[in-house]
Amino acid sequence: MPWIVGVSGASGTPYAAAVLRGLLAAGEAVDLVVSRASRLTLLDETGISFRDAHWRDDLRDWLARGADGKPDTFEVDLNPVRYWSAGDLAAGPSSGSYPAKGMIIVPASTASVAGVALGLSKDLLQRAASVVLKERRPLVVAVREAPLNGQTLRHLVALDDAGAVVVPASPGFYAGATHIQDLVDFVAGRVLDAVGVPHTLYRRWEGELGGGSRDD
């Protein structure tokens with residue numbers, strides 16, 4: 001069964017790329033939903049135009065790019081990926097009978113957080129998240145916004161009450177980051193931790209001060 005990955009319009013497309021690479025590296029199948037707003041963010045942050053008709057080529061270019069914008073940094077196998085248009089409300093993930101392990105929204109905008117918390121189902125991303133919640137499957141929301149106002153905080157509490165896991169896109173520094181990719185991978189790793197997918201994206205805390213500053 002696949003993990004559904006929804007990419008919303010918040011800044012932070014490198015987080016989504018790192019999560020997707022991590023899932024694929026772990027041998028997981030992925031159902032991908034890219035919102036309309038996220039295409040504008042992706043174009044702004046990477047220069048990549050994500051098109052339904054050419055999604056595989058565009059996704060390959062995106063996932064191959066490092067967080068520093070350098071192309072051809074990573075190699076990926078897209079065979080386990082199935083793409084669904086955000087406007088397709090008849091897509092598989094729109095139904096509770098569709099088999100899926102759960103869903104990750106990364107990055108999660110405040111608009112997507114509100115839509116899921118209120119059950120609006122305005123597009124496939126919101127609908128799929130609502131389905132995951134009602135079916136009691138894992139939902140991880142990697143919210144990327146600062147500062148957070150009271151309304152968004154209430155929406156996040158509502159999602160937590162509904163069983164979702166809220167993972168702020170807030171990188172830790174104890175893992176010894178020396179590059180922007182390390183900070184991105186830390187957040188992606190914490191997202192994957194929340195759904196129990198194994199990875200080696202960051203150095204874990206082992207109870208020893210200064211461990212992150214040691215040479216490997």
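Residues are numbered from 1 along each chain as its sequence is written, and side-chain values use heavy atoms, with hydrogens and water left out. Because the model is predicted, local features need pLDDT of at least 70 and side-chain atom pairs count only at pLDDT 80 or more, whereas totals for chains, interfaces and linings use all residues.

The model contains an open sheet of 6 strands in the order β3-β2-β1-β4-β5-β6, with parallel pairing, where strands (E, at least two residues) and helices (H or I, at least four) are DSSP runs numbered from the N terminus, and two strands pair if DSSP finds at least two bridges between them. The edge strands, each of which pairs on one side only, are β3 (81–85) and β6 (165–166). Strand β2 (residues 30–34) is joined to β3 in the parallel sense over 5 bridges, and Val-30 has Val-81 in β3 as its bridge partner.

A salt bridge is taken as a side-chain nitrogen of Lys or Arg within 4 Å of a carboxyl oxygen of Asp or Glu, and by this rule there are 7 salt bridges. In one of them, the side chains of Arg-39 and Asp-52 meet at 2.6 Å, N to O. This pair links distant parts of the chain, since Arg-39 belongs to helix α2 (residues 36–46) and Asp-52 to the loop between α2 and α3 (55–63), 13 residues apart. Residues are called buried under 20% relative accessible area, exposed over 50% and partly exposed in between (1.4 Å probe, protein chains only); Arg-39 therefore counts as buried, at 18% relative accessibility, whereas Asp-52, at 34%, counts as partly exposed.

A salt bridge also joins the side chains of Arg-60 and Asp-57 (3.6 Å, N to O), which both lie in helix α3, 3 residues apart, or about one turn of the helix. Arg-60 is partly exposed at 35% relative accessibility, and Asp-57 is partly exposed at 45%. The side chains of Lys-134 and Glu-135 meet in a salt bridge at 2.7 Å, N to O, and Arg-190, Asp-193 and Arg-204 are linked in a network of salt bridges.

Tyr-174, Trp-205 and Leu-209 make a nonpolar surface patch of about 390 Å², with Trp-205 placed in the segment after α7 (180–194). Patches are made of residues with over 30% relative accessible area and no salt bridge, like charges being joined within 9 Å and nonpolar side chains (Val, Leu, Ile, Met, Phe, Trp, Tyr) within 5 Å; accessible areas come from the Shrake-Rupley method with a 1.4 Å probe, and for residues only the protein chains shown count as cover.
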